Amino acid sequence: VLQWEVLFYLFVGAAGMYKLIRTFTINPATALVTAISYMCCGFITDCVSMIPWITSAAYLPFAFLFFYRLLRKPELKTALKFSIALSLLFTAGYPSFFIYSLYGMLAGFIVWMIQNRKTEQRFKPRLLYLVTAGFASLLICGPAILSWMDFFS
């Protein structure tokens, strides 16, 4: 069963990478090769014994995909998908992947703000949907956070 779980996460990660690359390129062959490369890369194949790392690698492309879509076209549906991806990354994955991905997304948001500084009215809807996604993610992760509070105190 553990092998099936690992294979499931490998295919989920490949599907997420395929969808992420398809947002940047039109060529599906390039996206397919990138997804297969991601699924078979040295990090994934070397860390098979660390299931939380594989789980994080599976949900990481989805988190960045929905973050990018939220910056490009803010919608409630995308914000909810982003919150689910963040929640899965937080609860099922390794904590450092979640923390480093938040740092990367913060840096990406700052770069996006600098590039689009002349159109200030575009910041408010994106920031509103990012806050909404963060709040929804906290609600989803609430039971896990509450159960970890005993451990941290």
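Helices (H or I, at least four residues) and strands (E, at least two) are taken here as DSSP runs and are numbered from the N terminus. The structure is a predicted model, in which local features need a pLDDT of at least 70, side-chain atom pairs count only at pLDDT 80 or more, and totals for chains, interfaces and linings use all residues. Residues are numbered from 1 along each chain as its sequence is written, and side-chain values use heavy atoms, with hydrogens and water left out.

The chain contains 7 helices and 0 strands, and its pattern, read along the sequence, is α-α-α-α-α-α-α. Taken along the principal axes, the C-alpha atoms fill a box of roughly 50 × 50 × 25 Å. Residues are called buried under 20% relative accessible area, exposed over 50%, and partly exposed in between, with a 1.4 Å probe and protein chains only; buried residues make up 38% of the 153 residues in the chain. A contact means heavy atoms within 4.5 Å, and among contacts between residues at least 6 apart in sequence, 64% join residues at least 24 apart.

Grid points are joined across faces, edges and corners, and a volume is the space filled by probe spheres set on the points.

The largest pocket has a volume of about 370 Å³. Its lining consists of 18 residues, of which F82, L86, L102, L130 and G134 lie nearest the centre of the pocket. Helices α5 (76-92), α6 (95-115) and α7 (123-152) each supply at least two residues of this lining, and α7 gives the most, with 8 residues. For the classes, Ala, Val, Leu, Ile, Met, Phe, Trp, Tyr, Cys and Pro count as nonpolar, Asp, Glu, Lys and Arg as charged, and the others, Gly among them, as polar; the lining of the largest pocket then has 16 nonpolar, 2 polar and no charged residues.

The structure also holds 1 cavity of 30 Å³ or more, and the volume of the largest cavity is about 40 Å³.

Several single residues show how separate parts of the sequence come together in the model. In helix α7, A133 counts as buried because its relative accessibility is 0%. Residue A133 touches A79, F82 and S83, when residues up to four places away in sequence are not counted, and the C-alpha atoms of A133 and L80, which are 53 residues apart along the chain, are separated by 5.9 Å. S83, found in helix α5, is likewise counted as buried, at 1% relative accessibility, and, leaving aside neighbours within four places in sequence, is in contact with A133, A136, S137 and I140.

Residue S56 lies in helix α4 and is buried, since its relative accessibility is 0%; beyond residues up to four places away in sequence, S56 touches L89, G93, Y94 and F97. M50, in the loop between α3 (42-46) and α4, is partly exposed, with a relative accessible area of 34%. The C-alpha atoms of M50 and Y94, 44 residues apart along the chain, are separated by 9.2 Å.

The cysteines were examined last. A disulfide is a pair of cysteine sulfur atoms within 2.5 Å, and by this rule the count comes to 0 disulfides. The sulfur of C41 is 8.3 Å from the closest cysteine sulfur, in C40, and is therefore too far away for a bond. At 25% relative accessibility, C41 counts as partly exposed, whereas C141 is buried, with a relative accessible area of 2%.

Methods:
1 Å grid on protein atoms, 1.4 Å probe; cavity = no way out; pocket = protein on both sides within 12 Å on 5 of 7 lines; lining within 4 Å.
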